Amino acid sequence: MQLDEGSLTFNANPDEGVNYFMSKGILDDSPKEIAKFIFCTRTLNWKKLRIYLDERRDVLDDLVTLHNFRNQFLPNALREFFRHIHAPEERGEYLETLITKFSHRFCACNPDLMRELGLSPDAVYVLCYSLILLSIDLTSPHVKNKMSKREFIRNTRRAAQNISEDFVGHLYDNIYLIGHVAA
C-alpha cells in the first residue's frame, strides 16, 4: 500500500515521492539506495523520472552503474539502457550526458571486446549517436528517403575511424530488423 502511495506521490512530484519513501523507511537517503529503487520499480512515471534524474545526477550515476552490459551487442545494450532511463524527446545536454555515461559503462563492462575492436568510450559515443539517428531515420514516417546501409556505413566510418565496415553493417542490420534503440 505504501509503495502505491509513494509511487503516486512521486508521479505527481518526484521530490515529495522520494521524501515519502524515506519517511516510511522504504528508502535511505543515499543516491545508491534511490538508484536501486528506481532500477527495480516500474510504476514510476518516466517523464517525472527523467526530470528527477536530470536534477539528481548523483542518483543517475549510481543508476547507470547498476546496468551490466557484458557480452551484449551495442544496440541491444542501448535499448536496455533506455528501457530503464528513458531518452529525452529532444537532443540536448541531458541526452549527451546519458550517451556519455552509457558509453563509459558499456566499455567498462566489455574491456576485452573494446580492445579487440579498438573502441574507446568516445568511439562508442559516436556509434550510439549514429544508432539513435538511424533509428529515427528508419522509423519516422516524416523521412521519405531512408538511409541505406551503404550510406550508414560511410557516414559512421567518417565520424569514427578504425571501425570495421562489417561491424557497422551489423549495427545497421540490427536497427533495421529489430527497431528503434531509444523508443
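## The cavity

One cavity of 30 Å³ or more is counted in this predicted model. A cavity is a set of points on a 1 Å grid over the protein atoms alone where a 1.4 Å probe fits but cannot get out. Grid points are joined across faces, edges and corners, and a volume is the space filled by probe spheres set on the points. Rolling a probe the size of a water molecule over the atoms shows where empty space is left. The largest cavity holds about 30 Å³ of space.

Which residues line the largest cavity? They are Trp46, Leu49, Arg50, Leu53, His84, Ile85, His86 and Tyr94. A lining residue has an atom within 4 Å of a point. By class, five are nonpolar, two are polar and one is charged. Here Ala, Val, Leu, Ile, Met, Phe, Trp, Tyr, Cys and Pro count as nonpolar, Asp, Glu, Lys and Arg as charged, and the others, Gly among them, as polar. Helix H4 (residues 46-55) gives the largest share of this lining, four residues. Domain 1 (1-66) and domain 2 (74-178) both give residues to the lining, so the largest cavity lies between them.

## How the model is read

Residues are numbered from 1 along each chain as its sequence is written, and side-chain values use heavy atoms, with hydrogens and water left out. Because this is a predicted model, local features need pLDDT of at least 70, side-chain atom pairs count only at pLDDT 80 or more, and totals for chains, interfaces and linings use all residues.

## The overall fold

The protein has 11 helices and zero strands. Helices (H or I, at least four residues) and strands (E, at least two) are DSSP runs, numbered from the N terminus. The C-alpha atoms fill a box of roughly 55 × 40 × 25 Å, taken along the principal axes.

Of the 183 residues, 44% count as buried. Buried means under 20% relative accessible area, exposed over 50%, and partly exposed in between, using a 1.4 Å probe and protein chains only. The accessible surface comes to about 10000 Å². Carbon and sulfur atoms account for 50% of that surface. Accessible areas come from the Shrake-Rupley method with a 1.4 Å probe; for residues, only the protein chains shown count as cover.

Contact means heavy atoms within 4.5 Å. Among contacts between residues at least 6 apart in sequence, 61% join residues at least 24 apart.

## Two domains

The domain assignment gives domain 1 (1-66) and domain 2 (74-178). Such bounds come from an automatic or database domain assignment. How many Å apart are the C-alpha centres of the two domains? They lie 28 Å apart. The contact takes 14 residues from domain 1 and 13 residues from domain 2.

## The largest pocket

A pocket is an open set of points with protein on both sides within 12 Å along at least five of seven lines. The largest pocket holds about 310 Å³ of space. Its lining has 17 residues, of which Ala87, Pro88, Glu89, Ile136 and Ala182 lie nearest its centre. H4 and helix H9 (121-139) are the elements that give two or more residues to this lining. H9 gives the most, with four residues. The lining divides into 11 nonpolar, two polar and four charged residues.

Ile99 sits in helix H7 (residues 93-109). Ile99 counts as buried because its relative accessibility is 0%. Leaving aside neighbours within four places in sequence, Ile99 is in contact with Tyr125, Cys128, Tyr129 and Ile132. Ile99 and Ile132 are 33 residues apart in sequence, and their C-alpha atoms are 10 Å apart in space.

Ser103 is also placed in helix H7. Is Ser103 buried or exposed? Ser103 counts as buried, at 0% relative accessibility. Beyond its neighbours within four places in sequence, Ser103 is in contact with Pro121, Val124, Tyr125 and Cys128.

Asn71 lies in the loop between helix H5 (57-65) and helix H6 (74-84). Asn71 has a positive phi of about 60 degrees, although it is not a glycine. Most residues other than glycine have a negative phi. Asn71 counts as exposed because its relative accessibility is 69%.

His170 belongs to helix H11 (residues 165-178). With a relative accessible area of 48%, His170 is partly exposed. His170 and Gln72 are 98 residues apart along the chain, and their C-alpha atoms are separated by 13 Å.
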